[in-house]
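Here is a short report for a first look. Take the sequence and the 3D view together.

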Number of protein chains: 10
Amino acid sequence: MLNGVPANIGPDLLKVLSEMGHGDELVIADGNFPSAALAQRLVRADGVGVPEMLESVLKLVPLDTYVESPLVLMATVEGDPEPPIWSVYQDIADRSQDESPVMSHIDRQEFYERAKRAYAVLATGEREVYANIIVKKGVVRSV
Amino acid sequence: MLNGVPANIGPDLLKVLSEMGHGDELVIADGNFPSAALAQRLVRADGVGVPEMLESVLKLVPLDTYVESPLVLMATVEGDPEPPIWSVYQDIADRSQDESPVMSHIDRQEFYERAKRAYAVLATGEREVYANIIVKKGVVRSV
Amino acid sequence: MLNGVPANIGPDLLKVLSEMGHGDELVIADGNFPSAALAQRLVRADGVGVPEMLESVLKLVPLDTYVESPLVLMATVEGDPEPPIWSVYQDIADRSQDESPVMSHIDRQEFYERAKRAYAVLATGEREVYANIIVKKGVVRSV
Amino acid sequence: MLNGVPANIGPDLLKVLSEMGHGDELVIADGNFPSAALAQRLVRADGVGVPEMLESVLKLVPLDTYVESPLVLMATVEGDPEPPIWSVYQDIADRSQDESPVMSHIDRQEFYERAKRAYAVLATGEREVYANIIVKKGVVRSV
Amino acid sequence: MLNGVPANIGPDLLKVLSEMGHGDELVIADGNFPSAALAQRLVRADGVGVPEMLESVLKLVPLDTYVESPLVLMATVEGDPEPPIWSVYQDIADRSQDESPVMSHIDRQEFYERAKRAYAVLATGEREVYANIIVKKGVVRSV
Amino acid sequence: MLNGVPANIGPDLLKVLSEMGHGDELVIADGNFPSAALAQRLVRADGVGVPEMLESVLKLVPLDTYVESPLVLMATVEGDPEPPIWSVYQDIADRSQDESPVMSHIDRQEFYERAKRAYAVLATGEREVYANIIVKKGVVRSV
Amino acid sequence: MLNGVPANIGPDLLKVLSEMGHGDELVIADGNFPSAALAQRLVRADGVGVPEMLESVLKLVPLDTYVESPLVLMATVEGDPEPPIWSVYQDIADRSQDESPVMSHIDRQEFYERAKRAYAVLATGEREVYANIIVKKGVVRSV
Amino acid sequence: MLNGVPANIGPDLLKVLSEMGHGDELVIADGNFPSAALAQRLVRADGVGVPEMLESVLKLVPLDTYVESPLVLMATVEGDPEPPIWSVYQDIADRSQDESPVMSHIDRQEFYERAKRAYAVLATGEREVYANIIVKKGVVRSV
Amino acid sequence: MLNGVPANIGPDLLKVLSEMGHGDELVIADGNFPSAALAQRLVRADGVGVPEMLESVLKLVPLDTYVESPLVLMATVEGDPEPPIWSVYQDIADRSQDESPVMSHIDRQEFYERAKRAYAVLATGEREVYANIIVKKGVVRSV
Amino acid sequence: MLNGVPANIGPDLLKVLSEMGHGDELVIADGNFPSAALAQRLVRADGVGVPEMLESVLKLVPLDTYVESPLVLMATVEGDPEPPIWSVYQDIADRSQDESPVMSHIDRQEFYERAKRAYAVLATGEREVYANIIVKKGVVRSV
């Protein structure tokens, strides 16, 4: 643990977040996501949910302001209701930024392909469905 | 995740717990314990407290009934009050066993030496002090 | 060994099963399958047959309910009788699920290609022919 | 699998048995033995019992005829009855050799120390207690 | 060394042969073959010729009876006489099988490509030319 | 880089600092210190001086308040003047803490022995002499 | 540190620069560049800026005189002013060479592709934008 | 060092030369060649020139007599004079063989591609330009 | 294979012999020696006997002339006849040296201890008993 | 190669020399020294003599001025003449330093022990006897 660093960001995750540069992506995955199969680099946080991890990550990682949507969700199948956890994510993102970031949605297969190219996957123990989220890192200005 | 396995027991911890035999010890360490310095094998659970992990571990791991005290705490310095988290541990242990297990206490230096010899250390993000606990595995009878 | 975990599921297999996510596949291979040549990750259970391993795996791993057939066999050459072990598999699968899962068949070459892409191969010592089976993991709901 | 090699002797065990020379020892351990903690080299056979493995090992590995007792058991605590599995071991050993080998007993702590110095530990899923056995390899004369 | 296993089959080769499944191929290469450059897995037997190794391998490894020719040689350039070692190979193969196996020939470049895809290459110190041979493993029935 | 983390604390150093627990020590070494020879874990910062690194480290790492002196210097040989950089260190330390920490001094050989036991050594490019300093980590309270 | 070698060129960077041959490229990257994601070989200098590193590198590494432009920058988006750090680079380059080297510009995506093929990336803590620069090594004549 | 083996052929180079088979290629590269960037296997001889190494290599390695030209040079740009070191190579080659081997030339880019496919690159400290040479190993007949 | 190097000295053994310096020892072990258990570095020659390997090794490796006995055997138990293979060794040694080297004998336990400290063990498939021999390397004078 | 760095100091040696700190020792060993057996870190320069390497090393590495003798030789046996190469070393050392460094001598066994504790051993192909020399690094003042 370190002063001012959220306690759920362990040493390995801290290293990965710090290594990431402008445009690199982190997938915060739920407990049923095939994280180990897809990840180039895998960090585990099995006992923690996505919202807690997202909140902590956004304290350390600025969002990419050069793209329309620096937060990307896995789209639901047509007809399915919007998962309630998405509004939790929007709230967390809004509180972390001066301007509310736009969250976009891509379908399952595209999400998998993007996870394969992501810098890292953070595998949580989140039980909610459609709870995976991609975070695109921006330029750090306030070190 | 697996059916019937607590979600906060990730793949690496599961492997370690399964590898342990009769008499092997696991240290569940708080966030300020020098886990990485002392551990022969290290598993991290940075976003989780010791009580949640202890509860999950005791679902999978039987306690050693051949020793007087299969649960060992780091003794407080004389005069200090008993840490409130200890009674939480006793409750968790009692609920997990037919007979209430006796928790013993060893001083800080002895605890460190025992952690070096333990099969593994599970590094949690627990914020409470004097929150480290050693779990001695017994004979598995109900696979 | 662990409480409630079948004894033939060793530490390495337990880790692999736990790492797998929704949609990942495990091949349970017989003793003549070219497991080491094809597997991305290889776990061995040389002294055990496929039925015992299938039964144990299905206690821990839910089947994928989003596909028509979460269990896949290697099709026999035209004219060959159905291997008797297949009905054993159907029985095991039926007992493990609320609804009887449909087993499908793909030809040898296609089976090999799928084994290469599978998350892992479990190499048993099964002596029966046509005894290989692919298990597609579903969403874990009852941790 | 190979012609004439028992199916439960997988590739890794076969390599270990072949590497062993005159006087090297193999521990065939039951499912509660702290195998991973003590072994210099560890091979797992989680789904198999000690008797099946002992029978197969003795087909390939000659016993050391230069020592009084090439098979060593972990002694029971005084007063405990002799574990029934020991006579199974004596039968297996007798059938594998021209002359009936003498099995000796050493206490638990001495057994642990010897396991640490052994060439390898074979971790089985054996459920019986006092089921660990040390096999001391002799000179191979019939390759 | 092990009872009943030819002495020139060392621990690493034994492991490789045992890992191979139905259809996997082993190249037994002469001393001038570019074994290290082409092999996915390399085992060395520098002081031994191909015939001795072939004879030992065929004691442990059944030939594939599902293909026309489970033994493949590197074809000579047109006009060259048949290398005398080939009839030695045919004799060894005949003695090892109930039915005389058919040996086929492929040209040098095709042989190289097949060596790259083979499960392993066994590099001998054979001095004869055109002495390389591919062995295709069949189904083990007599463990 | 990360929000709120000094830019000269790179990913590897961040991981090491986060892994350290209560009582673990970090040596911030000058450019002539035998860092690679002594360190259990080595992180390099060749282009940076000790004062900049000390200042950044103390923003993230609390000092151990359970010991008399959480900052330790390599004592000068008798007669030598106090190196001017020491008062720079005292200033940095004072600014980083509520209470001014006491810096102690140990001789060269003792310093070397302590560096060998330290959790890590941070090798800077500092050109000043007697510029090495040991930082003993305390309990993190403000994550 | 070594006589005559700039102190900010640590052992790992020195090795990489020395391994590079005629035509190999080094990317000196700013603190927001996705260095870890793109680099074939990564050396870190988190506490140092690009100009200091460029100046030191050019003392050891001759520029390629067989290409028009041995120094390559990431082009700004149309309309953006020229980053002031570029003239600093030109000054450093001019001072290091007999003849002023021409700096060229390639767009962001092309720069990324070239970084992937570069021999190494040196990740600095540079805070300026558009501060990345590629150095193409020439023929060493004055060892 | 070994009896009868040139002293400048160290253990690693000796191993590589011995592993090479008929048709495998070794690049003996000058000090400015991008050896580390291109080599599949790299052996260094930084303090030695190409002629000394070529002379020693040809004592151990027979040239391929099945190709027109078993020694290949990097062609000079049109108009450049022939590098004097080439006739040194021809002399060394002539002295090492019964029949004078033909040296051919390929252009820089083709040479790079061939170096990537070569079994190994030997990086010398040769200062001459156009001094790289490829040696194609033949059949060893005089062990 | 290489010109002038015996064919049974493969690449790994060649490297080991070349790495050895004055005073380093090689154990050439028979097929029942616990080579893998004792060796710091292990090279295998399973299909070859000790005499052939000794003869080849002595072509490349000079014996240490600064000690009384550069060849050491494992002494027989009192009363046992001298193994016939010893005179074979003496013949081989005599033919390889200008002066007949003295072979000494040490008991089994001392031999084991010396094998542990030896630079390497060469594990042959030799079937004779008391066939192990230690070779102490001398100063190479005729490279 | 790098500007101003002697060509016989390759990348690995350069890294090792740069990593060494005040008081660390480098052994420059002749071709018969048991370098691989004793070295903690080994760098090879098989084709080069000790004098050339010593000369190059002393251009980069300052000698330790805090000890009486920063250069240490292996003492000859009583009665042997002083090896002529020693005066070559003294000359090289004198030319490299403002003040002539004192060379001391320790006996063979002590030299071996010191080589084991040295930071690295540089194995040359030097043919002279008694040609090993230890270089103790001092404080770098002129980067």
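## Ground rules

This is a predicted model: local features need pLDDT of at least 70, side-chain atom pairs count only at pLDDT 80 or more, and totals for chains, interfaces and linings use all residues. Residues are numbered from 1 along each chain as its sequence is written, chains are lettered from A and ligands numbered from 1 in the order in which they are written, and side-chain values use heavy atoms, with hydrogens and water left out.

## Chain F with chain A

Here 23 residues of chain F are in contact with 23 of chain A (heavy atoms within 4.5 Å). The two chains bury about 2,100 Å², and carbon and sulfur atoms give 60% of that (accessible area, 1.4 Å probe, lost on being put together, summed over both parts).

There are two salt bridges (a side-chain nitrogen of Lys or Arg within 4 Å of a carboxyl oxygen of Asp or Glu). Asp12(F) forms a salt bridge with Lys15(A), with the closest N and O atoms 3.8 Å apart.

## Chain F with chain J

Nine residues of chain F and twelve residues of chain J make this contact. About 820 Å² is buried, 43% of it on carbon and sulfur atoms. On the chain F side, Asn32(F), Ala36(F) and Arg127(F) lose the most area, together 55% of what that side buries. The rule finds zero salt bridges here.

## Helix α1 of chain A

Helix α1 of chain A spans residues 11-19 (a DSSP run of H or I, at least four residues, numbered from the N terminus). Seven of its nine residues are buried, so the helix is largely enclosed by the rest of the structure (under 20% relative accessible area, 1.4 Å probe, protein chains only). Among them are Leu13(A), Leu14(A) and Leu17(A).

Definitions and conventions
Buried < 20%, exposed > 50% of the residue type's maximum accessible area, 1.4 Å probe, protein only. Helix = DSSP H or I, 4+ residues; strand = E, 2+ residues; numbered from the N terminus.
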